[in-house]
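Here is a short report on one structure.

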Amino acid sequence: MPNRTVKIFNSNSRRAETARGSPSLVNGARLRTSSLRGSWVRIPPPALLSGTRDRNVFLCITGTFGVGLNTAVQTFDLTKAYGNAKALDALNLKVRQGEILVLLGPNGSGKTTFLNLISTVLRPTSGTATVMGYDIVKQSLKVRETIGISFQEPRGFWRHKPYHILSFHAAIYGLKGKEKSEVVDQTLKDFELWTSRNKRFMELSGGQGKRLEVAKLFVNRPKVAVFDEPTAMVDLDGKRLIWDKIRQLREQGSTLVVATNEVREAEYLADRISIMKGGKEVVTQDLRTLKDSISGGDVVEVGVSPTITSGALKAIEEVPGTVRVTQTSENMLNAFVNRSEDWLPQMMASVQSFGVKITSIRVSEPSLDDVFLHYTGKEAVKASA
Amino acid sequence: MRELFTLLGYELRETFDSIPWTVYFWFYFGFQYFVYGQLVSRLILEPHDYYLYYGTGLLIIMTFNVASWSGRRFVEGAHEGRLRYILSLPIRRSGLFAEQLLLGLIANLVRIGPPLVLVLWLNGMPPAVLLTSTAVLLSMSVGIMGIMISLSFIAFKSFDIYSAIVATTSAILIRFSTILYPFSYMPEAYESVARFNPLTYGADLLRNVMSIDVSQLLSPGTAIVVVAAVGLATLSLGMVLVPRTLEGVRSS
């Protein structure tokens, strides 16, 4: 394979460097070198520290690339500023291929800016990102061929009709003739827009307009599909329809990024959830890990007979995983614990010796609301300080 | 290229979907030419055949208006969100700029073409003049569209300020030019301002190709150079400014 010049972002010196080499094998798998050309490639500090100064070695053997094999989208200190205000502040986020990553955050947290940046609708102020290996600044056309965005507010041609709007979208992505008609007809039916196909866009209801906006991405089925609040203004039936379709798109091989304010939407869709605040990523994890990450998040309500003795109460407090215990009556208590599934058997064993009989147990785990508030509330401020 | 022509087709469809708007342009011309033009040319004895002079001036005013509309449409597209959608499609930014210009030229041709044919036919001019005068009007419209689209960055901050600037620019450019009266009838102060106005050169060039009162016009060579230079300069400015402006828009 011929040598190629590859630009490297050295995260130690935080400077761009250039290396010539043959970036053909990474972890035993072949990379498309054309996707590397001119793009920013990040090599983590351990790799730079551990070997020779010849960066070609890292490229070929130990390099972990921004365009890594399982990465659909990766950002490198991605920043968008308007004057002094930073809508997105040095974001480093990775979206795995084939997953649904839900961005959850309050208004102004940078979710929409992030989606617009990776779709190349906006240009970053500094930093960059790759989408399926293509740099959003230097290979923006390639990125646009790869990604599709469904905007927060329906966008398009106000005087046109749903049929023509989808037909235009299909034509832009190269569908033509009978294939185009079939895809457009089917998409209109799938999104329950068939009977409104000849109404003008401006005559559609808010929910219909939103469904049409989402439906556009089902015409060309991009490799990376991003949805900005896909069910805002949509009724419950419409929400379910859109959620099912989004999951279907993932099953067909697309990678999805969904920005939302709705906790229920995040719970329903997400493989992983990224909570954002103030233009920064606060945490990114799967739902289970996020819930487990809240100390004392599980609340166990325990009923006993005849009454709770001081010895039994002390024993419960000493069970590993107990954060706090509150006695609510003579024979009831609330225990705030980590991982209730591990805590419960130990608690039951420890109270047996005090002659106390357990009559009822009710476990409630933290909701995503609790997680969201935990990470975007005062605790998150302390954590980042 | 396929994407660009697909986009052009859809934008043309939207542009001409509103038939009353195009008919309005023709009605406006007819009313101005056959009513106001007739009346005012009875009062004005010099220059000779002011009716034809006025008719050509009216064509230039309409060209200016339609070309200004292209810039306004571009801005409206940003505010309505259509432009942001188009920016997300796999189309080069430079291609998008070219497509907007082509759209403006076709809109110009459709809206100005019939009045131009009418003026030429009523004055017994040969078909060759139709080609040359169309070329002059389209060249002028490229320059005007370039200016208006380049100014669009103001509109992303404030549509009101943009509208005020466009209206003021229109008023100044049209009045301080030879669109409605030749140099020889202008006070000296007016004349010195009009000589810096690109519309003056466009108007005189159009009258040159129609062979109207050539003695009172600027040299066609100079006029060609100025019209071409303004077109190229504003196009280049637009190609540099527009992509930067569009991608810096926070919300629309």
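This is a predicted model: local features need pLDDT of at least 70, side-chain atom pairs count only at pLDDT 80 or more; totals for chains, interfaces and linings use all residues.

A:Lys277 belongs to a pairing of two strands. Strand S15 of chain A covers residues 272–277. S15(A) is joined to S16(A) by 5 bridges, and the two run antiparallel.

## The whole sheet

S15(A) and S16(A) are part of an open sheet of 6 strands in chain A. The order is S12-S13-S14-S9-S15-S16, and the pairing is mixed. Two strands form the edges: strand S12 (147–150) and strand S16 (280–285) of chain A. Each edge strand pairs on one side only. On average, neighbouring strands of this sheet are turned by 15° against each other, direction ignored.

## Where the chains meet

Now turn to the interface. On chain A, 29 residues are in contact with 27 residues of chain B. The size of an interface is often given as the accessible area lost when the parts come together. Between chain A and chain B, the buried area is about 2,900 Å². Carbon and sulfur atoms give 59% of that area.

## The chain A side

Which elements of chain A each supply at least two residues to the side that touches chain B? They are strand S6 (71–82), helix H5 (140–146) and helix H6 (162–172). H6(A) gives the most, with 6 residues. By type, the residues on this side of chain A divide into 12 nonpolar, 9 polar and 8 charged.

Key. Residues are numbered from 1 along each chain as its sequence is written. Chains are lettered from A and ligands numbered from 1 in the order in which they are written. Side-chain values use heavy atoms; hydrogens and water are left out. Contact means heavy atoms within 4.5 Å. Buried area is the accessible area (1.4 Å probe) that two parts lose on being put together, summed over both. Helices (H or I, at least four residues) and strands (E, at least two) are DSSP runs, numbered from the N terminus. Ala, Val, Leu, Ile, Met, Phe, Trp, Tyr, Cys and Pro count as nonpolar, Asp, Glu, Lys and Arg as charged, and the others, Gly among them, as polar. Two strands pair if DSSP finds at least two bridges between them. Axes are lines fitted to C-alpha atoms, for helices over the stretch in contact, and angles run from 0 to 180 degrees between N-to-C directions.
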